[in-house]
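Please look over the sequence and the structure shown below before reading on.

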Amino acid sequence: MLFNTTQFFIFLGVVLALFYAAPRAWRRYILLVASYWFYGTWNPKFIALLLTLTAIDYTAGRWLEKISEPRRRKAVLILSLCANFGFLGFFKYYNFLGRNLAWLLGRPENAFWMDIVLPLGISFHTFQSISYVVDVYRGQQKAIRSPIDYALFICFFPQLVAGPIVRARYFFHDLLDWHAPSTDDVSRGLLLMTLGLTKKMAFADQFARIANGYFSNVAGNPGILTAWSGVFAFGLQIYFDFSGYTDMAIGMALLLGFHFPVNFRRPYLASSITDFWRRWHISLSSWLRDYLYIPLGGNRHGRWKTYRNLMLTMLLGGLWHGASWNFMIWGGYQGVLLSVERLVRGDRPAQDGWEDWLYPVRALATFGLALIGWVFFRAANLTESMAVLRQMFGRTPGHLLLEPWHWGLAAVSLVVALGEEKSEWLERLAKAPVLAYASGLAAMFFFLEMFGAFDAAIPFIYFQF
Amino acid sequence: MGLFGLDALLFRTPLYPSYLEPDSSTGQFELILHREQAAQAANGDNLIATLGNSRFAYAPRLANELTPQTGYVFRHAGVAGSDVRTWYYMLRDLDPAAERYRAIVFGVDDFADEDGLFNPNDDIRSLHYVIARLRWSDAWDFARSFDGRQLQWEAFRSALLKGLVYQADVRAFLSDPLKRIRYVQLCRQGYESWTYDYLETDRSLAGMEIDWSAWSVKFPPGVDQDQRDTVRNYLMRKAAPQVGRLAGYRRLWFGRILERYARSRTRIIFVRLARGPIRRPDNIIRTTSASIREFATRPNVLLCDEHAFDALERPELFKDGLHLNRAGIARFSPMLAEKISGMLGPWAKR
């Protein structure tokens, strides 16, 4: 059930109605049943997997709180991590490893192949679960007593399949001390849902058509302008698709009285790659920072170890997205960029200010570098990635794939993003007088009506991770 | 409310519909409607409107060469690819008081109701033809006229928010507004004469033979793929199960039209068009009803002799398996004018 379908809105309407009509004590049960039902509409078999992981990490959390001996605590943590990474590894990486092993052993490509269906959202809920167990191990989070509460933390439908990866402390703060959403929360929630839907259907899906057209026939679309416009379209598609999903997730969570952290902060306005990663998929990058980069030593052990840690973190971040060399290369590319940036910058803090007169140049360069990275993210394989890159830096001029109205959409989004960056209009609109608020919503809906792709429900890109 | 307001401001006023792409389904429909509204102003009370799809191909210019004798002026409000559902909405706005025309002539494939493989209720093209004509109050009724749930939903939401249908047109408009505006202005100036003086192609199927027992066709040299396809897909179509879908569809939509004209002096005339370049054997399909004949029991409904145009069913008068060619139109147009004028009797001022 995709967020951009009529069925989902009917589902959400029913859940909201039942949630607020039910006595308070029943509400978490309603959310739990609704979440499992939501997940079950995709593939009911994998509810068992979700329950298994939930049971393992719930139990691990409880044990960690009861046990005081460090070695036994560590053993429990390792057991939990093994279970989590074991499931993730099997479902997501088994065939990738099998293919590479077969290649190394000179066996046929499918020698170790198994017909494995990737459970929806496994990368997201596994990371969320791991963060809980590690936090309990570190003493930063109390173990949750109620298995129902813990199960809801793992399967809460707004963020189950594509995040944001919510830390336990945020979620349980809202769940255990639940308050009905304030008027501001409701207006912000509705606004974010509308904005998210508009981003997805009016922007992402329109750019998706261009990007899909280009990447489905790279050889048939030669030329510099063709390649850059195809990659540009994908760059916009992935941003609007994922941030649109996140906005909807945050919006509907607000309507249910939960506050999720921001996951995107206008990443294409970033003035450096470091800045980009502070703005892009913030819940993942902060997870990687807190549970991988810092435990590896972060920047505390000299320059070279910092570069090594950056590379390792980004390589694993790339691999998190998908089991292919392309994602590894994408992660490695980001790691190299971050390392080079740190090398050039030295120990000086990153210059992210708008006031810097070089900002437009740096923002444009960052955007260009991000686009080059997206080639590996989107292309079907390494050969195709190289073909796209050869076209992007080739000699044949080619032609632009985008029509004037696509540029119009891009320009509108740039103006809106600049406005938000400067004046946080979204926050202000959520608190604005009714007439201004309603006009804002109407304008978004009208944009959706005019540019929304209603003829085909294009899945969210991050659902595959 | 704001969304509906914005949508209404743009699409329920002439603001945007005046600049629709003239070659789109909606644009064609609107051009024809406005052309015929203008023709009403330029003519007296001797107008006869004809409605049909592209198979009802005749040249009003040729039919009107008989005006000095018959007194009647023929105007063609037919739209290629349209059907009776779209004609209902066309007539509702073309003739709001249901009294502007002396007669309205519908050209149909057959008086009998032959079901094809396609369900006419679910022809979503209707939505695109009539979108500019739909009112708020039509939304429920129009949507319910489709059978498929998905189509009902599409029709319903589009009737409420027209922008959903216009969006492709708007995007194309935004890509080059000046070019669109110039083209629309050009069409407005020239559409009447382009269509009134239009000459159909003189290609034909002369020499084509069909062996119905072997279900095979022998094409003459020089026939292209489109011509072959129309013969195979239309003329040589296999019989579909006869379930009464077309009868129901015709009874509903012609029924509504006849209801509008029930107390009018306008005559409603049904004409069976030449069936094709070669006549299909009668035993291929056994139809179970003939809704058009049922309509003839109403006081202001007339049926033209079913065999009036059988003489046109010859390969040399057809450009493909469906449509008359220039020579066919040249023969059909005066025949039609004579036949209809004869049925109406001599024109006299009302």
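Y36(A) touches I47(A) and C155(A), leaving aside residues up to four places away in sequence, where two residues are in contact if their C-beta atoms, placed from the backbone, lie within 7 Å. The model is a predicted one, in which local features need pLDDT of at least 70 and side-chain atom pairs count only at pLDDT 80 or more, while totals for chains, interfaces and linings use all residues. Residues are numbered from 1 along each chain as its sequence is written, and chains are lettered from A and ligands numbered from 1 in the order in which they are written.

Y36(A) has its place in helix α2 (residues 24–40) of chain A; helices here are DSSP runs of H or I with at least four residues, numbered from the N terminus. Because 19 other C-beta atoms lie within 10 Å of Y36(A), this residue is partly exposed, the class between buried (20 or more such atoms) and exposed (12 or fewer). From Y36(A) to V186(A) there are 150 residues in sequence and, C-alpha to C-alpha, 25 Å in space.

Helix α8 (residues 183–215) of chain A packs with helix α9 (residues 224–255) of chain A at an angle of about 155°, their axes being 6 Å apart; axes are lines fitted to C-alpha atoms over the stretch in contact, and angles run from 0 to 180 degrees between N-to-C directions. α8(A) and α9(A) are therefore roughly antiparallel to each other, a term that applies to angles over 145 degrees. The residues of the contact of α8(A) with α9(A) comprise 24 nonpolar, seven polar and six charged ones, where Ala, Val, Leu, Ile, Met, Phe, Trp, Tyr, Cys and Pro count as nonpolar, Asp, Glu, Lys and Arg as charged, and the others, Gly among them, as polar.

In the domain assignment, chain A has domain 1 (6–178) and domain 2 (184–271 + 353–464), with bounds that come from an automatic or database assignment. The C-alpha centres of these two domains of chain A lie 28 Å apart, and 15 residues of domain 1 are in contact with 16 residues of domain 2. On the side of domain 1 that touches domain 2, the elements giving two or more residues are α1 (6–21) and α7 (168–176) of chain A.

Finally, the contact between the chains takes 14 residues from chain A and 13 residues from chain B. α18(A) gives the most to the side of chain A that touches chain B, with nine residues.

Notes: Angles under 35 degrees count as roughly parallel, over 145 as roughly antiparallel, 65 to 115 as roughly perpendicular and the rest as oblique.
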